[in-house]
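Please examine the sequence and the structure shown below before reading the report.

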Amino acid sequence: MRRRMRFHWLVMGVVALVVVHCVTPLPLPTPPHVQRAQERWEFADSTFLAEARVLYSKNCGGCHRAYPPWEFSLKTWVKEFPEMVEEAKTDSAIAARIWIYILTFQDTTRIPPAIAVPLPRK
Ligand code: HEC
């Protein structure tokens with residue numbers, strides 16, 4: 001009986017780990033994010049950013065988690081992104097959308113990182 005209980009905890013622990021690993025907490029755009037994006041890309045409205053978020057998760061969340069943009073410096077992104085676009089084999093239109101999402105959320109000094117809404121993979 002006691003062994004069974006322990007086994008339950010083990011199973012629940014493993015399930016929790018898998019869930020935490022697979023559900024990518026990428027934030028949805030808030031009005032300040034949209035405003036920031038549109039300062040540089042007029043077309044980047046909230047729908048655009050929300051779609052870019054899904055593209056990012058789908059194209060970049062397969063081999064590793066789709067890293068929240070603020071986890072790396074802008075310098076690291078500039079270095080890594082072109083290599084990763086090759087890894088992901090995306091076309092340049094999709095890559096450009098993903099890049100806009102990353103740039104919009106990378107700098108959290110003016111806008112807090114927003115509420116991370118879990119996005120189920122695929
Ligand atoms: C085919 C597998 C694969 C895909 C798809 C992929 N990556 Fe990667 N990524 C890797 C591997 C392997 C590394 C670690 C080695 C390296 O840095 O080159 C990595 C590293 C990174 C890093 C650096 C992490 C660190 O700790 O320094 C970033 C940032 C990154 N990827 C972003 C992306 C983005 C953005 C995309 C989508 C465009 C993407 N990745 C798609 C395999 C992949």
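## Confidence of the model

The structure is a predicted model. The mean pLDDT of the protein is 85, and 77% of its residues reach 70 or more. Among the elements of the protein, α3 has the highest mean pLDDT, at 97, while strand β2 (residues 116-119) has the lowest, at 58.

## The shell around the ligand

The ligand is surrounded by 15 residues, of which Cys60, Cys63, Met84, Glu87 and Ala88 are the closest. Two helices, α3 (46-60) and α4 (74-88), each provide at least two residues of this shell. The largest contribution is that of α4, with 7 residues.

Sorted by class, the shell consists of 9 nonpolar, 3 polar and 3 charged residues.

## Helix α4 against helix α5

The axes of α4 and helix α5 (residues 92-106) come within 12 Å and cross at roughly 160 degrees. Because angles over 145 degrees count as roughly antiparallel, α4 is roughly antiparallel to α5. The crossing of α4 with α5 is right-handed.

On the side of α4, the contact is formed by Leu74, Trp77, Phe81 and Val85, and on the side of α5 by Ala95, Trp99, Ile102 and Gln106. This contact of α4 with α5 comprises 7 nonpolar residues, 1 polar residue and no charged residues.

## Helix α3 against helix α5

The axes of α3 and α5 come within 8 Å and cross at roughly 110 degrees. The two helices, α3 and α5, are therefore roughly perpendicular to each other.

From α3, the residues Leu49, Ala52, Arg53, Leu55, Tyr56, Asn59 and Cys60 meet Ile94, Arg97, Ile98, Ile100, Tyr101 and Thr104 of α5. By class, the contact of α3 with α5 has 9 nonpolar, 2 polar and 2 charged residues. One of the α3 residues in this contact, Cys60, is also among the residues closest to the ligand.

## Helix α2 against helix α5

Helix α2 (residues 31-40) packs with α5 at an angle of about 120 degrees, and their axes are 10 Å apart. The crossing of α2 and α5 is right-handed.

Here His33, Arg36 and Ala37 of α2 make the contact with Ile100, Thr104 and Phe105 of α5. The contact of α2 with α5 divides into 3 nonpolar, 2 polar and 1 charged residues. Two of its α5 residues, Ile100 and Thr104, also take part in the contact of α5 with α3.

Note on methods: Residues numbered from 1 in each chain as written. Predicted model: local features only at pLDDT ≥ 70, side-chain atom pairs only at ≥ 80, totals over all residues. Near = placed C-beta within 6 Å. Helix = DSSP H or I, 4+ residues; strand = E, 2+ residues; numbered from the N terminus. Nonpolar A, V, L, I, M, F, W, Y, C, P; charged D, E, K, R; others polar. Axes fitted to C-alpha atoms, helices over the stretch in contact; angles between N-to-C directions. Parallel < 35°, antiparallel > 145°, perpendicular 65-115°, else oblique. Left-handed = near helix turned anticlockwise from the far one by under 90°. Contact = placed C-beta atoms within 7 Å. pLDDT = per-residue confidence, 0-100.
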